[in-house]
Amino acid sequence: MAKPIVVIKFGSSTITKSSGEVNEEILEKIAAQVSALHKQYDIVLVSSGAVAAGKSFLKKYKGQIQERKAAAAIGNPILIAKYNQYFQKYGIAIAQSLCERHHFSQREQFLQLKETYQELWKSGVIPIANENDVVSNVELKFSDNDELATLIATGFGASKLLISTSVGGLLDQNGKIIRKVDAINDAVLTVVNTDKSSTGLGGMISKLTFTNLATKLGIKVVIFGLDHGNGILDAIDEKIGTVFEAQEASLSARQKWLAAGSLIAGKVVLDSGAEKAILHRKSLLSVGVKEFIGEFAKGEVIEFLNLEKNLIAIARTSNSSQELIKNGGEVAHADDIVVV
């Protein structure tokens with residue numbers, strides 16, 4: 001029997017001190033708790049912290065893109081060596097996985113990544129993923145590691161995604177942790193603090209954006225704090241943090257990859273009739289399109305928007321935008337459309 005998969009994400013503010021040094025107490029805590037889950041789950045750790053760990057070695061660091069790349073080049077080996085040091089105490093080998101956005105948008109590369117992780121798990125090795133900041137194209141970067149963790153979780157069919165945060169969960173307007181969220185809606189978003197940490201890129205809005213995607217694709221998400229109880233162990237048992245319930249999603253692995261991993265080439269705005277057809281899992285013909293936004297080629301991935309410009313689906317196109325505008329035809333087949 002295959003083990004359930006759990007993806008656990010740690011941000012820069014968790015992994016490093018304000019000075020940029022790796023927080024070894026935290027790494028020791030992570031290694032101890034993850035080792036306790038190791039026999040039960042196939043685990044992926046998604047860890048930020050490379051830029052924070054490396055920036056102090058650069059003179060007059062100001063956070064510009066080339067400086068961040070240089071800092072990541074310095075910080076990556078420091079960070080992975082520290083992880084290795086603490087996991088070795090429990091007889092667990094770790095592997096570094098530096099990912100780029102195209103590893104997920106191109107299905108063949110994504111499947112190779114998945115097969116590599118499965119090979120590591122067979123030998124009890126835990127992959128530690130991070131964005132390959134040193135070479136990542138500015139235009140095709142992950143928005144942050146919340147996105148990377150979500151793409152791994154959805155693409156690999158994880159049972160749970162755990163996201164560590166310094167505040168311990170989603171806080172209400174009185175600063176108390178909301179223990180359970182059935183669905184992310186406007187009422188939930190109104191309580192969000194838009195502040196970001198001083199060391200990382202993402203804030204709670206980012207976490208909720210990708211939590212929303214993960215839950216819609218059938219994955220339960222827990223946003224938690226390592227300082228609360230036993231942190232990881234309590235979070236996986238849903239004793240702490242905020243638990244976001246998974247929605248029902250009868251999608252194939254390919255459809256989940258399409259919804260989460262693809263790079264968006266363009267958008268189409270649908271009329272009300274076409275929107276209803278899409279929600280009933282029908283194919284889309286150009287007659288139902290009110291507006292084409294951007295140009296796209298045959299086989300690229302686009303977003304379907306309703307008349308209010310809200311996202312309703314993601315699809316792989318049957319024809320290019322130029323062909324559809326000129327001659328009409330099928331925009332996307334039902335098998336290549338994922339309602340979100």
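Gly157 follows helix α7 and has a positive phi, near 70°.

Helix α7 covers residues 145-156.

Two packed helices are described by the angle between their axes and the distance between the axes. Take α6 first. Helix α6 spans residues 107-122, and its axis lies 11 Å from that of α7, at an angle of about 80°. Angles of 65 to 115 degrees count as roughly perpendicular, so α6 is roughly perpendicular to α7. On the α6 side, the contact is made by Phe110, Leu113, Lys114, Tyr117 and Trp121. On the α7 side, Ile152, Gly155 and Phe156 take part.

Now turn to α9. The axes of α7 and α9 are 9 Å apart, and the packing angle is about 10°. That makes α7 roughly parallel to α9. Which residues of α7 meet α9? They are Asp146, Glu147, Thr150 and Thr154. Their partners in α9 are Ser206, Lys207, Phe210, Leu213 and Ala214. An α-helix has 3.6 residues a turn, so residues three or four places apart point the same way. Within α7, Asp146, Thr150 and Thr154 are among the residues that meet α9.

Helix α9 itself runs over residues 204-216. It has 13 residues and reaches 18 Å from its first C-alpha to its last, close to the 18 Å expected at 1.5 Å a residue. Its buried residues include Ser206, Lys207, Phe210, Leu213 and Ala214, and these five also meet α7. Met204, Leu208, Thr211 and Thr215 are buried as well. After α9 comes Gly218, with a positive phi near 90°.

The mean pLDDT of the protein is 88, and 94% of its residues reach 70 or more. Over residues 196-202, however, the pLDDT is below 50. That stretch has 13 contacts in the model beyond near neighbours in sequence. Where pLDDT is low, the predicted coordinates should not be read in detail.

Step back to the domains. The assignment gives domain 1 as residues 5-253 and domain 2 as residues 264-339. The C-alpha centres of the two domains lie 33 Å apart.

Gly75 is found in helix α4. Its relative accessibility is 0%, so it counts as buried. Leaving aside neighbours within four places in sequence, Gly75 is in contact with Ala50, Ala53 and Gly54. Val167 is 92 residues from Gly75 in sequence and 25 Å away in space, C-alpha to C-alpha.

Gln255 is found in helix α11, residues 253-261. At 17% relative accessibility, Gln255 counts as buried. Residues up to four places away aside, Gln255 touches Ser250, Asp335, Ile337 and Val338. Gln255 and Ala315 are 60 residues apart in sequence, yet 9.2 Å apart in space, C-alpha to C-alpha.

Ser321 lies in helix α13, residues 321-327. It counts as buried, at 2% relative accessibility. Its contacts outside four places in sequence are Phe292, Gly294, Glu295 and Phe296.

Lys60 is not a glycine, but its phi is positive, about 55°. Lys60 is found in the loop between α3 and α4. Is Lys60 buried or exposed? It is exposed, at 75% relative accessibility. Arg281 is another residue other than glycine with a positive phi, near 65°. Arg281 lies in the loop between α12 and β10. With a relative accessible area of 53%, Arg281 is exposed.

How values were computed:
Residues numbered from 1 in each chain as written. Predicted model: local features only at pLDDT ≥ 70, side-chain atom pairs only at ≥ 80, totals over all residues. Heavy atoms only, no water. Helix = DSSP H or I, 4+ residues; strand = E, 2+ residues; numbered from the N terminus. Expected span 1.5 Å × (residues − 1). Buried < 20%, exposed > 50% of the residue type's maximum accessible area, 1.4 Å probe, protein only. Domains from an automatic or database assignment. pLDDT = per-residue confidence, 0-100. Contact = heavy atoms within 4.5 Å. Axes fitted to C-alpha atoms, helices over the stretch in contact; angles between N-to-C directions. Parallel < 35°, antiparallel > 145°, perpendicular 65-115°, else oblique.
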